[in-house]
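Morning, everyone. Please bring up the model on your screens, and we'll walk through it together.

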Amino acid sequence: MATPQVRPGLTHERVGVFTDAIFAIAITLLALELPRPESEDFRRLGAFFGDHFGSFMAFAIAFLMLWFAWRAHHTLFDQIERASQSMLLLHIPLLFFVAVLPYTTSVFGEANADALPGEAEGRALATGLFAGSEAVLLLCQGALFTLVLAQRLHQPDADLRRLRGNACVYWAIGIYWLLTAVASAWAVTAVPFLWLATPLVAGGTIRVLRMRR
């Protein structure tokens, strides 16, 4: 059977390569945003790392989330035949928040370094920005999987069960992170610990999907 003609500008290979580059640059910039000790800090290096624990924690969380988001995107694009105009449009917010994540990660880390009681409002806003950026990124991933299934852009031999599972998982954890962004207005100290439950949310979603089959 002849391969269907793909309109110029909708070849998924070029979109995938460009997206890979944005993810790679964002992950690299995460490390560049980490605080570095000045000469006087080397006398108390342990305390310096303790003072900036929030920055290093934010880096670890953002790195892992970007890694898993990239892996999901890579898996998706390995199973599609072409992109659609709506998929390209959805990449605008996806890549915007991938690119801006190093900045929001840095702001969150600095806001939580040597935070004073009177700075709670600033910490809440920084935490909400970081969580909100992650949430939009994750929701865009879920929407991409949903679009591929709805528009039948996948290859004939694609693993549809896995695609549906990934769509549900990314919708679930995206909504979860959006809720933590809202919760930062009232419980900013507890929100980072809620992020650590992300694997439980993903695992619970997979478990529910398996029970429904």
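Let's start with the whole chain. It has 213 residues, and 44% of them count as buried. Keep in mind that this is a predicted model. The surface comes to about 11900 Å², with carbon and sulfur atoms supplying 66% of it.

Now the elements. There are 8 helices and 0 strands. Read from the N terminus, the order is α-α-α-α-α-α-α-α.

What about contacts along the sequence? Take those between residues at least 6 apart: 81% of them join residues at least 24 apart.

Next, look at helix α6, residues 160-183. It has 24 residues. From first C-alpha to last it reaches 35 Å, close to the 34 Å expected at 1.5 Å a residue.

Which residues of α6 are buried? Among them are Leu 163, Val 169, Tyr 170, Ile 173, Tyr 176 and Trp 177. Gly 165, Asn 166 and Gly 174 are buried too. And what covers the buried residues of α6? The cover includes α3, α5, α7 and α8.

Two of those helices also pack on each other. The axes of α3 and α5 lie 11 Å apart, at an angle of about 10 degrees. Angles under 35 degrees count as roughly parallel, so α3 is roughly parallel to α5.

Who meets whom? On the α3 side, the residues include Ile 61, Met 65, Trp 70 and His 73. On the α5 side, they include Phe 130, Glu 134, Gln 141 and Phe 145. By class, this contact has 15 nonpolar, 2 polar and 1 charged residues.

That's my tour. Thanks.

Key
Residues numbered from 1 in each chain as written. Predicted model: local features only at pLDDT ≥ 70, side-chain atom pairs only at ≥ 80, totals over all residues. Heavy atoms only, no water. Helix = DSSP H or I, 4+ residues; strand = E, 2+ residues; numbered from the N terminus. Buried < 20%, exposed > 50% of the residue type's maximum accessible area, 1.4 Å probe, protein only. Contact = heavy atoms within 4.5 Å. Areas by Shrake-Rupley, 256 points an atom, 1.4 Å probe, with all protein chains shown as cover. Expected span 1.5 Å × (residues − 1). Axes fitted to C-alpha atoms, helices over the stretch in contact; angles between N-to-C directions. Parallel < 35°, antiparallel > 145°, perpendicular 65-115°, else oblique. Nonpolar A, V, L, I, M, F, W, Y, C, P; charged D, E, K, R; others polar.
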